[in-house]
Amino acid sequence: MLALSFARLADAMGNSILFIIIPLYVAKLPEVLFHLPVPVQVGILISLYGFMNSFLQPIMGALTDRLGRRKILIQIGLALIGICTVAFVFAQRFVDLLVLRSLQGVAVAITIPASMAIMAAITEKSTRGGSMGIYATFRVVGFSIGPLLGGFLKVHWGFNAAFFVGAGLIFLAMLLVQIWVDDVRIPKENIQARPVRIIDTSLLSPGIFTAALSTFLMAAAFSMVSALENEFNARLSINALGFGIAFSSLMVGRLLFQVPLGHLSDRIGRRPIILIGLLFTVPAIILLGEVTTLWQFVAIRLFQGIAAAAIAAPAFAVAADLSSYGGEGRQMSIITMGFGLGIATGPLIAGILSIAFFELPFLAIGGMTLLGLLVVYWYLPETVKQESPPFNR
């Protein structure tokens, strides 16, 4: 588990370097045929990447279960991500970036279900929440460091340095996986006894879907502000650095509380922690539309990060608790698909609704999260045995 977490940290660093580099790189490319503004081009790249990796994850999850080998798929996905990152050096047109980001979306779709299948197989139910919290924390650390590293490399050595270092970190993740991670293979007789289908209704349950809904709402809530950077900067009279501080404060909340809340879910149950996280997310989203100072922005994002920490590890643990032997790839891919769709749709919804007025996307996504909370309350089962569990129907 620790080996896979370290590899995920290096992978996340290499991937997230592109977060801050792509908008700058798009701006220097020749204008596209339809004269799209740079923010629209960046939004297309973000959404395309997110939708590609989200919709392909169930297919790759089925492939993971069909082959019965997870490690080789992780390596293939990481190799493709690294190669595409290097290829950014040679990109001369916007369509080149579209192709590369699409391929990276496919690569992530290959990697994530296989990684989560291994995590589901090697962790024990009694400590799974804490284990998922550690795994998620390493990922968050990587995503926090990557943009800072990318910006530093761009300022001092240019775009190519950022692309080469990002690719180098991906290849480092491959090396760590190869050395440290043991594969969890499914015996051939188990695979042959149960035909592997992409959509296998016998493997799906309300619990899996509501866990995925939880991660979707969490991801949409914290990613939506990325589409409104210019609006926040103008309203609060801040620059890109101020926005970056506020944006990253969410990661600080997750870093501080991800593991403790994961361990707490092992003791008192997954369900109450997830419900509390969703409940706290609702006012946090709505208040983001009302901030008037940078420090209000930072404080609410920090609070939102704590709420996200309450959702992430327990939700992944629920999916792992409910997964069946030989079906982990497909079942875990549902919850990771939910997270990917949230990352892709949050900024899209925010960008469209903000055309009417600034507060509208926050009210809309806050309302959507409240409705999602009710669905989760009714259909998410408790997978940790306890006496008189709170919030249990």
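How many salt bridges does the structure hold? I find four salt bridges, counting a side-chain nitrogen of Lys or Arg within 4 Å of a carboxyl oxygen of Asp or Glu.

Ground rules before I go on. This is a predicted model, where local features need pLDDT of at least 70 and side-chain atom pairs count only at pLDDT 80 or more, while totals for chains, interfaces and linings use all residues. Residues are numbered from 1 along each chain as its sequence is written, and side-chain values use heavy atoms, with hydrogens and water left out.

Entry: Asp96 and Arg93. I looked up this pair and got 3.2 Å between the closest N and O atoms of the salt bridge. Is Arg93 buried or exposed? I note Arg93 as exposed because its relative accessibility is 51% (buried is under 20% relative accessible area, exposed over 50%, partly exposed in between, with a 1.4 Å probe and protein chains only).

Entry: Arg270 and its partners. With Asp266, Arg270 makes a salt bridge whose closest N and O atoms are 2.5 Å apart. Arg270 also forms a salt bridge with Asp321, at 2.9 Å between the closest N and O atoms.

Entry: burial. I put Arg270 down as buried because its relative accessibility is 0%. Asp321 is buried too, at 15% relative accessible area.
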